[in-house]
Structure formats: structure tokens, C-alpha cells
Amino acid sequence: MTTQLTRERAPVPLAPGFLKRDDNTTWYLLIGVPFALLFLLTAVPLALSLYTSLLDWNLGDPAGATFVGLQNFLDLMVDGAFWHALLLTAYQVIVTVVVQVSLGTCIALLLSQEFKGAQFLRSVYLIPMMTTPVVVGLMWRMLFNTDSGMVNYLLSLVGIGPVNWLGDAATAMPAVIGSDVWLSTPFVVVILLAGLRSIPGEVFEAGQVDGAGGFRMFWNITLPLLKPMILLAVLFRTMDAIRRFDTIYVMTGGGPGNSTETLDLFAYFNAFTYLEVGKGAAIATVMLIIIFLISFPILRTIQRAN
């Protein structure tokens, strides 16, 4: 018969002063080093991109890069293809964000209610967020297939003939927008659902005591209290929609023609198809400025709303 001896591990005391903010060495190691790495990984590529945008640099002649100042930006101002891509981007961003936020608000209001199966639906609705954008692009490319796609099959059940979704300039962009609505609306739902659950129940009870109906409760209580979260969702989705590249590239490659060539694809084609790296970097810089100009007032509004 053996006797099993058990030993309890004594807690190891921390060194005096460990993790105290007045310990400069520990503080700099835990906060300073990661911050410096993050800054370098962000600032250095940004600085190189800005410098490249000031060069006349063709990858066919890597050693022939010459400094041209703002000439790449001036060329963009008189380039019709740039303005076409800018307008397409604005159209894609506005429609995508408006539909996602509107649809996301309705779904979040529904899922915030307690009913049988609500927890299951909240989990299932997150599935699109787990899918990579490239896979989403391939999936919707098959769904929108003219001959064997599921979308045309469903339309045929109600007597509508086949539609060349991705091969027609009139329907390609709406199809691309539809795929992003499917992919990213759950993200909006998650943000708004968190906002709805943070609203105190006493507020709604007070509204019921005052005799407010369903629409008045939503308009006068829910919507104003949810405003910061709605703005946060608009901010995230706007930045993502401007930078959207992968699903559009997989579904249409910018076509047919240039009917879905947004700024991201326009920069990519200039930099890596036509090898005009300086011009591609200038387009990326313009996108960065646009994102900043849109994000800054939204952030200010969120701060005031809070």
C-alpha cells in the first residue's frame, strides 16, 4: 500500500514594487516597448507610403525613381478615371452603410427581446462574421452565377428570367453591395445589441408609466440613448467600406469595364498592374485623407453624445 503525498504550492511573493506605476523600468517595459513597436509598425509604412506618393516611380525601372513633389496628386485631379472611382466608392459606401445600420438596428431590436430561441438566433447570426471576405466573395460569385446560381433559381420561381448579375454594369455594384451587407451587418448588430442591453430598464418603465406607445418609446427613448453606439457602428462600417477590396476583387475584379472599380482597386491596378507605384501611393494617401475627414466629425459627435 502506497501513500500519496500531496503538496500545496506556496504562493510566490512578487518582488517589492513590481507592477507599480512609480517603477519606471517596469512601466516602460510593459507599456513603452509595445507602444514603440506599434508606433514603428504604423508610422514607418505610413511615412514610406507618403514619400512614395511624391515619386515618379515605375516598377519596370526600379532605379529610375525621381522626386516630383505633388505632381501625382495634381495628375489625379485631372484624371477622369480617378473621379469615376471616387464617385463609385462614395455610392458603395453610402448605400452599404445606410442599409447595414438600418437593417442592423431592426435585427438588434428583435434580438434584444427575450423569446424562445433568442439565444440560438444571437449565436447563429454571428456566422457571417466568422467567414473570411475572400470566401464570401467566392460564395456570392457562385450564388450570382447567371446559369446555375441560387439567386436566379429563386427568381425563376416567381417568373423572373435570368439576370447577369456580375456581368452587367447596372447590377454588378448592387450585387457587390448585397454581399457586404450579408457579411458585415452582424457586426452592426453586435454593437447595437450591446448598446441596447446597457440602457437601464427603469427608463422604459418610466416611459410606460407616462403612457408612451411602442413607436414613441423607440423614437424618444431608445434611439437617443442608442445614438453613440449607432455613430460608432457608422464610423467602423464607413472606414471598412472605403477600404473594401477583397470581396470586390474576387467577385468582379472591378468589372464589367470599370463599373465596380472603387478607389482601393484603382490604387491596386495603378500600382501593381500598370506598375505606377507613385500614383498608386498617391491614391492611397487620398483615401487616408478621406477616411480622416469623415472619421473626425463622427468621433467628435460621439464624444459630445457621451
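1. Rings of Phe, Tyr and Trp (for Trp, the six-membered ring) are taken as a pair if their centres lie within 6.5 Å; planes under 30 degrees apart count as stacked, over 60 as edge-to-face and the rest as tilted. Ring pairs of this kind link Phe-245, Tyr-249, Tyr-268, Phe-269 and Phe-272 into a cluster. Across the whole structure, a search finds 12 aromatic pairs.

2. The model is a predicted one, in which local features need pLDDT of at least 70 and side-chain atom pairs count only at pLDDT 80 or more, while totals for chains, interfaces and linings use all residues. Residues are numbered from 1 along each chain as its sequence is written, and side-chain values use heavy atoms, with hydrogens and water left out.

3. Phe-187 belongs to helix H7 and Phe-236 to helix H9 (residues 214–242), so the pair ties together parts 49 residues apart in sequence. Phe-187 is partly exposed, at 27% relative accessibility, and Phe-236 is likewise partly exposed, with a relative accessible area of 33%. Here buried means under 20% relative accessible area, exposed over 50%, and partly exposed in between (1.4 Å probe, protein chains only).

4. Helix H5 (residues 133–143) and helix H7 (residues 169–197) have axes that come within 10 Å and cross at roughly 135°. H5 is therefore oblique to H7. Axes are lines fitted to C-alpha atoms, for helices over the stretch in contact, with angles from 0 to 180 degrees between N-to-C directions; under 35 degrees counts as roughly parallel, over 145 as roughly antiparallel, 65 to 115 as roughly perpendicular and the rest as oblique. Pro-133, Val-136, Met-139 and Trp-140 of H5 make the contact with Ser-179, Trp-182 and Leu-183 of H7, contact meaning heavy atoms within 4.5 Å. Of these residues, six are nonpolar, one is polar and none is charged. Ala, Val, Leu, Ile, Met, Phe, Trp, Tyr, Cys and Pro count as nonpolar, Asp, Glu, Lys and Arg as charged, and the others, Gly among them, as polar.

5. The axes of helix H8 (residues 201–209) and H9 come within 11 Å and cross at roughly 160°, and the two helices are therefore roughly antiparallel to each other. Val-203, Phe-204, Gly-207 and Gln-208 of H8 meet Met-217, Ile-221, Thr-222 and Leu-225 of H9 in the contact. The residues of this contact comprise five nonpolar, three polar and no charged.

Terms used
Helix = DSSP H or I, 4+ residues; strand = E, 2+ residues; numbered from the N terminus.
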